[in-house]
Amino acid sequence: MSISKFFKRSRLFYGFINLAFNQYDNVRVKSVGPDTAAAEWIVKNEGWVRGAGQTAWVKDYNGLSSCYGGRFKLTDIEAVDIDITSGGCKHFDELKHLKYLNLRNCINIDDSGFRVICKNCWHSLQHLDIAGTSISIQGLELINDFKTLKTLKYDKKLTRDALKHDAIIQRLNEMGRIKDIEVIQQ
């Protein structure tokens with residue numbers, strides 16, 4: 001088999017695996033609750049999670065036992081450089097306690113996935129890192145919907161349209177909620 005055929009087949013196989021790992025399962029969400037289902041999704045994709053009252057990050061699937069039971073509230077997601085997709089962002093539905101979300105280098109998160117996050121986490125999210133994602137300047141405009149956001153990190157590519165970028169930042173500064181805005185040089 002030629003090397004190019006091997007890589008084409010590998011990408012196709014990887015695409016199926018990525019799709020499967022980001023699949024939203026209504027039955028599972030009803031069974032364990034939205035916070036636990038989202039925690040399972042993130043950890044299954046090699047991210048880390050933490051719930052209300054927890055000091056340690058849950059980094060492996062076996063550690064998720066602390067996330068079961070009706071009282072688990074997902075508050076922190078560390079999803080740096082993992083293969084979650086915009087399609088998988090349906091897992092953010094009904095997350096009412098999420099305060100910290102780091103999506104740095106999650107290249108498969110675009111405006112459509114970010115829209116789902118904004119729709120569900122606008123009332124609780126305090127810290128957000130979207131550097132290295134596929135979120136565009138139009139997606140960045142959705143930041144205005146967040147009511148409790150204090151820290152925002154994004155990458156320099158979103159500053160290419162200087163007029164739009166400056167208008168968004170000016171609006172955010174006028175609202176006075178975000179205390180720390182950092183542009184990451186990538």
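Modeller: Let's start with pairing: two strands count as paired if DSSP finds at least two bridges between them. Helices (H or I, at least four residues) and strands (E, at least two) are DSSP runs, numbered from the N terminus. What we have here is a predicted model, where local features need pLDDT of at least 70, side-chain atom pairs count only at pLDDT 80 or more, and totals for chains, interfaces and linings use all residues. Residues are numbered from 1 along each chain as its sequence is written, and side-chain values use heavy atoms, leaving out hydrogens and water.

Biologist: Thanks! How many helices and strands are there in the protein chain?

Modeller: The protein chain has six helices and six strands. Along the sequence they come in the pattern α-α-α-β-β-β-α-β-α-β-α-β.

Biologist: In what order do the strands lie in the sheet?

Modeller: The six strands form an open sheet in the order β1-β2-β3-β4-β5-β6, and the pairing is mixed. Its edge strands are β1 and β6 (180-184), each of which pairs on one side only. From one strand to the next, the twist averages 15 degrees; axes for such angles are lines fitted to C-alpha atoms (for helices over the stretch in contact), with angles from 0 to 180 degrees between N-to-C directions.

Biologist: Do β1 and β2 pair in the parallel or the antiparallel sense?

Modeller: Antiparallel: four bridges connect β1 (residues 48-51) with β2, and Val-49 has Ile-77 of β2 as its bridge partner. By contrast, β2 and β3 (residues 100-102) run parallel, joined by three bridges, with Glu-78 opposite Asn-102 in β3. Five bridges link β5 (residues 151-155) to β6, again in the parallel sense; there, Lys-153 is partnered by Glu-182 in β6.

Biologist: Is β2 mostly covered or mostly open?

Modeller: Burial is judged by relative accessible area: buried is under 20%, exposed over 50%, and partly exposed in between (1.4 Å probe, protein chains only). In β2 (residues 74-78), five of the five residues are buried. Over the protein chain, buried residues make up 44% of 186.

Biologist: Why is helix α3 described as largely enclosed by the rest of the structure?

Modeller: Of the 11 residues of α3 (residues 34-44), 10 are buried, so the helix is largely enclosed by the rest of the structure. Among them are Pro-34, Asp-35, Glu-40 and Trp-41. Just after α3, Glu-46 takes a positive phi of about 80 degrees.

Biologist: Which residues touch the most other members of the largest nonpolar core?

Modeller: A nonpolar core is a set of buried Ala, Val, Leu, Ile, Met, Phe, Trp, Tyr and Cys residues joined through side-chain atoms within 4.5 Å. The largest one here has 44 residues, and Phe-92, Phe-114, Leu-128 and Ile-143 touch the most other members. At least two residues each come from α3, β2, α4, α5 (137-140), β5 and α6 (162-175). The largest share, five residues, is supplied by α3.

Biologist: And what does Phe-92 touch?

Modeller: Contact means heavy atoms within 4.5 Å. Leaving aside residues up to four places away in sequence, Phe-92 touches Trp-41, Ile-77, Leu-98, Leu-101, Ile-117, Asn-120 and Cys-121. Across the protein chain, 66% of contacts between residues at least 6 apart in sequence join residues at least 24 apart.

Biologist: Is Ser-124 buried or exposed?

Modeller: Ser-124 is buried, with a relative accessible area of 9%. This residue sits in the loop between α4 (111-121) and β4 (127-129). Apart from residues up to four places away in sequence, Ser-124 touches Lys-96, His-97, Leu-98, Lys-99 and Thr-148.
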